[in-house]
Amino acid sequence: MTQHQRLLIIDFGSQVTQLIARRLRELGVFCEIRPYQSVTDAELRETPPQAVILSGGPDSVTRDGSPRAPQALFQLGVPVLGICYGQQVMMEQLGGRVEVGHHAEYGRAFVSPAPGHALDGIFAGLFQDGREEVWMSHGDRVTALAPGFQVIGTSANAPFAMIADEARRFYAVQFHPEVHHSPNGRILLENFVRLAGFTGDWTMAGYRDEAIRRIREQVGDGKVICGLSGGVDSSVAAVLIHEAIGDQLTCVFVDHGLLRQGEAEEVVTMFRDNYNIPLVHADESELFLGALKGVSDPETKRKTIGRLFIDVFQKHAAEVGGAEFLAQGTLYPDVIESVSFSGGPSVTIKSHHNVGGLPEKMGLKLVEPLRELFKDEVRALGRELGLPERFIGRHPFPGPGLAIRCPGEITREKLEILRRADAVYIDQIRRHGLYDDIWQAFVAILPVRTVGVMGDSRTYDYACALRAVTSVDGMTADYYPFTHEFLGETATRIINEVKGINRVTYDITSKPPGTIEWE
């Protein structure tokens, strides 16, 4: 068991629940996220946390059978903060009222202070400009407060946007302070954990030590194979596991024929030159491309690739002398988009090739030491482990590779065109000194051909889309604001240097509503 001060986040299924934990980790607070249905009254009484946050969620407390918090929570005497659905749950269970049928609020809103209340404690430092910009996402709203609560702030469509029962240290807000669209949300969360007595005793060095201990406890003297892609996630996972169990680990680099230009050679050389970890280079491109021939549905692509990865790892597990465990660099954004975290009620966005467990026939157990971390936290862990910066600073690259940057049917011709275009694009970004300013950049080849003119001849070639985004954690993202000069220069280079493309577009979609990858 952890010796850290513990804050419990009860998850009601919000897509941004993990952002609460991320914000609190930045403050040095150890958080445990648990789905609401797994937290019992008996457990809370036996091992009470130091404070509790109730997350948002997609349900309505007015619906029969909708999620509730354990009732014992409100008798523990610890501070509680309800966010969005969490606020509504508190009111419903403590004697207030929540109704449907009022005006909803989605996106930016402004909260004004209610007259007659001191803005101290959890609300200290807010309303410096007379109102607070926040991010709302609710249909229902509180229409009557539970006994003991007072209104602290109101918005146009949430008359009880900020409420508090100071005597019991119960607080609730209708908006989401954990997202960056609520600029001062961090202040509110920081005030809450300070009020709860947290001293900030959680660090990445501490996480490293705990992860190593958990790996040793799980693996014992068993052998582990690690799926290595050469990206940040799998590299950090491999080095962390190697530090925990040494030569019980063998890495398997699978070349599925869907890598970027020169990537297989670069990854194998880079890893073998830096770490004394056994590495198997498995060229399985014929297997993967053969299975993907004629496949155009994105979910089928992902599931086919996931199934084949399992087959390949199973084969190499036998070759390395009976490995019992398969290690993966799965991150939390992968998990939350694929299946709800820890069995919680989140809505599935899309499947990921490395999420969802392993088939029984494989006979391997999963080791996923990064499963609860965001990308920037993985990079911090990589630095803690001493990985070279060129490992840590690489843009994310998806496990399915170019398959999900090639909407429609995958062909060898389209993959080769895509590789060349992507190489030109990344070269342009590096030449202009922009690589480290961008979270992720890539080219998608589109499943359409367009008419063009090159010289005096008519062309009928593919169009492509450039994608570059800024992000902190991969959960939300915005397009990178290239200059028109950069885009024009890059389009000219791609069309001149890549045979098969005659039209270039730039994707300016944010996440949400889009995802970072095209499929």
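A: Leaving aside residues up to four places away in sequence, Glu 178 touches Val 16, Leu 19, Ile 20, Arg 23, Ile 83 and Leu 189. The model is a predicted one, and in it Glu 178 sits in the loop between strand S11 (170-173) and helix H4 (185-195). Glu 178 has a relative accessible area of 0%, and because buried means under 20%, Glu 178 counts as buried. Leu 189, one of the residues that Glu 178 touches, is 11 residues apart from Glu 178 in sequence, and the two are 8.0 Å apart in space, taken from C-alpha to C-alpha. The side chain of Glu 178 also makes a polar contact, at 2.8 Å, with the side chain of His 176.

Turning to the sheet, five strands form an open sheet in the order S14-S13-S12-S15-S16, and their pairing is parallel. Strand S14 (279-283) and strand S16 (365-367) stand at the edges, and because each has a single partner strand, one side of each is left without a neighbour in the sheet. On average, and with direction ignored, neighbouring strands of this sheet are turned by 30° against each other. Within the sheet, strand S12 (residues 224-228) pairs with strand S15 (residues 325-327) in the parallel sense over three bridges, and Val 224 has Phe 325 in S15 as its bridge partner. Helix H9 (residues 298-319) lies across S12, strand S13 (249-255), S14 and S15, and it runs at about 140° to S13.

Note on methods:
Residues are numbered from 1 along each chain as its sequence is written. This is a predicted model: local features need pLDDT of at least 70, side-chain atom pairs count only at pLDDT 80 or more; totals for chains, interfaces and linings use all residues. Side-chain values use heavy atoms; hydrogens and water are left out. Two strands pair if DSSP finds at least two bridges between them. Helices (H or I, at least four residues) and strands (E, at least two) are DSSP runs, numbered from the N terminus. Axes are lines fitted to C-alpha atoms, for helices over the stretch in contact, and angles run from 0 to 180 degrees between N-to-C directions. Contact means heavy atoms within 4.5 Å. Buried means under 20% relative accessible area, exposed over 50%, partly exposed in between (1.4 Å probe, protein chains only). A polar contact is a pair of N or O atoms within 3.5 Å; within protein, one must be able to donate a hydrogen and the other to accept it, and residues adjacent in sequence count only if both atoms are side-chain atoms.
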